[in-house]
Amino acid sequence: MRPFRLFLAEKPSLARAIAEALPGPRARRDGYIECGADDVVAWCTGHILELASPDAYDPRFKEWRAEDLPIVPDRWALVPTAPDLLKTIKALLPRAARVIHAGDPDREGQLLVDEVLEYLGYRGPVDRVLISDLSPPAVRSALAALQSNAKFRGLYEAALARQRADWLFGINLTRLYTALGRAGGYDGVLSVGRVQTPLLGLVVRRDAEIETFQPTTYFVVTAVVGCDGATFGATWQPPRNAAAPLVDGDRRLVSREHALGLKVKIGRQRGSVVRCTREKKIEAPPLPYSLPDLQMDAAKRLGLTARQTLDACQALYETHRLLTYPRSDCSYLPEGHLDHATAVLAAVATNLSELAPVVSTADRSRRSRAWNDKKVTAHHAIIPTIIGAPDAPLSAAERKVYDLVARRYVAQFLPSLEFNETRIELDIDGERFRVLGRQTLAEGWRRLLSVTPPVEQVKDDDQPDAAAGDQSLPFLRDGEPIVCQEASVAEGKTKPPKRFTDATLLEAMTGISRFVDDPKIKQRLRETDGIGTPATQADIIEMLFERRFIERRGRQIVSTPLGSALIAMLPEIATRPDMTALWEAAMRRIAESQLSLSAFLETVTRQVRGLIEGGRASGALKVPGARACAAPGCTGFLRRRHGLRGAFWSCTRYPDCRQAAGDEIREPKHGGRRGRRRRETSRRGKSESMR
């Protein structure tokens, strides 16, 4: 074969799309596709290299010892995770006239291909193609707009910064606190990471807030009003200058005396309409799903965990080919996809016969706000494909998830929801009352999306909102007289915040800025879409369960004594999302060539050294589940070990103390899985070292 252009795609689906857009004929080989006489398309499967573990730098690091920390590589090493693919790419590179980098058009996609070329020592010319839409016209357009890969060097270094900083922070602090835990008699792994630990901190702090919550009493004064034959209820509104002890910080009425006085004051009194407005509102359908949105909705409506939803999506994408790429953080679609709408709708009607009548009424000429090239990121929203497979052997979860995605897509072609919103403000003997009413005029898309009622209600609202509701109100003239037919006082108690569920924990990860006070940090976290990525969030939540830092109580997710103890042991900065915001700001500067990779890593290394010194100074940790040594006068703990005759327990002060016991003690109740020092890797393959 003569020299060719070698396209190196991030994943097989992207490689197939590129191959289909190149001139033929096409020939499938082992690990690559030949296209005509001049092009070859090879692929990765996400990251096919990962950062080496500490013992790759020094064999003594196989043992986890606090005195060896921090571990800071002088030269970073990578190890293959897909050696066969790497071997194929290595064999193709010497024959390539040039390489076309076809990683996803984001920071991680830039790293994913660049690190392979760096690892294999390729020094030839490299172009960059940016593809976010896999339709043939869009791919051909992208192939006609190649750029020099050198323009994206800053993006690559920013991704390296994230990868190496996560390693430095996670590996070192996990080893430190695991070693300190073992010194205190705990035999599990106490993992620490930039994402997992602030997430655990959210759960721990929420649980503590609930446990220390002190309810207060408040009052809602309602006037039942009559006007021109119509009757409706309105709630009292405190004056703008109202303050304690009349109202609390949320402007709830907390004075019983005042509430009862209002009831007497307005009863049977005449009043007037201060203001009445009616506005016709049109509500567009919700956007198609991103993965976080789908996971949250599946948790609320179907009771599925984030992992179950992701697994269902992966099967629908990889095995059944009924959904597009699922690990997307985007809710928009390329405008060119409108050309496929008829085929997609036909597939939905075939696969879900119960939706066929609705699909038949879909207006294919309707263009919702979902189609917007400017808002499509590395991946577009999750939608059904054009494949009709009504007999596909889907699991119950897969069928339900497909149904959710299909309904969101079909809704884009249905009429808008239309309703009248009426607001009435009243004056009764100098007191203000207000009511909000809503009257549906046309169900539109809502008739399709309201079929599956949520199994989980996530609204968190203390105050009974008698002033709001799906009620039809009369349209009144300003100044029109009214009569208070009846007045009542309802007593309520403030409620603590609700415990996290799968849905609300995912919502917290994507909206983490709500839990931050610093305005600059809050803004930065808004810009970064929270902590974790769609490709990793489910894995991170599952890891907290595996480490036994959190557990389920029905649909609620709560921290365990071990998880609470870990957060209490750690320095504040490790348990808050602020560090993610600061790192993201630095990585943006690296991408824009305003900060060097080495300067950033030096800063992270200094921070890690300081955290390690502080942790060492705290000494052995007191961890729930640790078992004290029973030997008289011994201050050590029992630790599970393995010998020639199997597992046994011995004192941490061995050889000074030779107390031992058989394995019938078993592991402590909240113990982690013994020796589980693993590198967390997402299904996409991207290294998640101790995130």
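**View 1. Ile100 faces Asp127.** Ile100 stands opposite Asp127 of strand S8. S7 and S8 (residues 126-128) run parallel and share three bridges. Helix H2 (residues 83-92) packs on the sheet, where it touches S1, S3 (32-35), S4 and S7. The direction of H2 makes about 155° with that of S4. Helix H3 (residues 107-119) packs on the sheet as well, touching S1, S7 and S8. The direction of H3 makes about 155° with that of S7. Contact here means heavy atoms within 4.5 Å. Axes are lines fitted to C-alpha atoms, for helices over the stretch in contact, and angles run from 0 to 180 degrees between N-to-C directions.

The model is predicted, with local features requiring pLDDT of at least 70 and side-chain atom pairs pLDDT 80 or more, while totals for chains, interfaces and linings use all residues. Residues are numbered from 1 along each chain as its sequence is written, and side-chain values use heavy atoms, leaving out hydrogens and water.

**View 2. The whole chain.** The protein chain holds 19 helices and 23 strands. Both are DSSP runs numbered from the N terminus: helices are H or I with at least four residues, strands are E with at least two. The C-alpha atoms fill a box of roughly 90 × 80 × 50 Å along the principal axes. Of the 691 residues, 52% are buried. Buried means under 20% relative accessible area, exposed over 50%, partly exposed in between, with a 1.4 Å probe and protein chains only. Take contacts between residues at least 6 apart in sequence: 77% of them join residues at least 24 apart.

**View 3. A seven-stranded mixed sheet.** The open sheet has the order S2-S3-S4-S1-S7-S8-S9, and its pairing is mixed. S2 (26-29) and S9 (147-148) stand at the edges; each has a single partner strand, so one side of each lacks a neighbour in the sheet. Two strands pair if DSSP finds at least two bridges between them.

**View 4. Strand S1 and its two partners.** S1 (residues 4-9) is mostly covered, with five of its six residues buried. S1 pairs with S7 (residues 96-102) in the parallel sense over six bridges. Leu8 has His101 of S7 as its bridge partner. S1 also pairs with S4 (residues 39-43), again parallel, over five bridges. There, Ala9 is bridged to Trp43 of S4.

**View 5. Helices H18 and H19.** H18 (residues 578-591) and H19 (residues 597-618) pack at an angle of about 160°, their axes 10 Å apart. The two helices are therefore roughly antiparallel, the class for angles over 145 degrees; under 35 is roughly parallel, 65 to 115 roughly perpendicular, and the rest oblique. From H18, Met579, Trp583, Ala586 and Ile590 meet Leu597, Phe600, Val604 and Gln607 of H19. These contact residues divide into seven nonpolar, one polar and no charged. Ala, Val, Leu, Ile, Met, Phe, Trp, Tyr, Cys and Pro count as nonpolar, Asp, Glu, Lys and Arg as charged, and the others, Gly among them, as polar.

**View 6. Helix H16.** Of the 10 residues in H16 (residues 537-546), eight are buried. They are Gln537, Ala538, Asp539, Ile540, Ile541, Met543, Leu544 and Phe545. Just after the helix, Arg548 takes a positive phi of about 65°.

**View 7. Around Ile424.** Ile424 lies in S13 (residues 417-428). At 1% relative accessibility, Ile424 counts as buried. Beyond its neighbours within four places in sequence, Ile424 contacts Phe232, Val273, Arg275, Cys276, Phe433, Arg434, Val435, Leu473, Pro474 and Leu476. Asp84 is 340 residues away along the chain, and its C-alpha atom is separated from that of Ile424 by 70 Å.

View 8. The open sheet runs S18-S19-S20-S21, with antiparallel pairing. S18 (627-628) and S21 (660-662) are the edge strands; each has a single partner, so one side of each is left without a neighbour in the sheet. S20 (residues 646-651) and S21 pair over three bridges. Ser650 lies in S20, and its bridge partner in S21 is Ala660. Ser650 is buried, with a relative accessible area of 6%. Not counting residues up to four places away in sequence, Ser650 touches Phe637, Leu638, Arg639, Arg641, Gln659 and Ala660.
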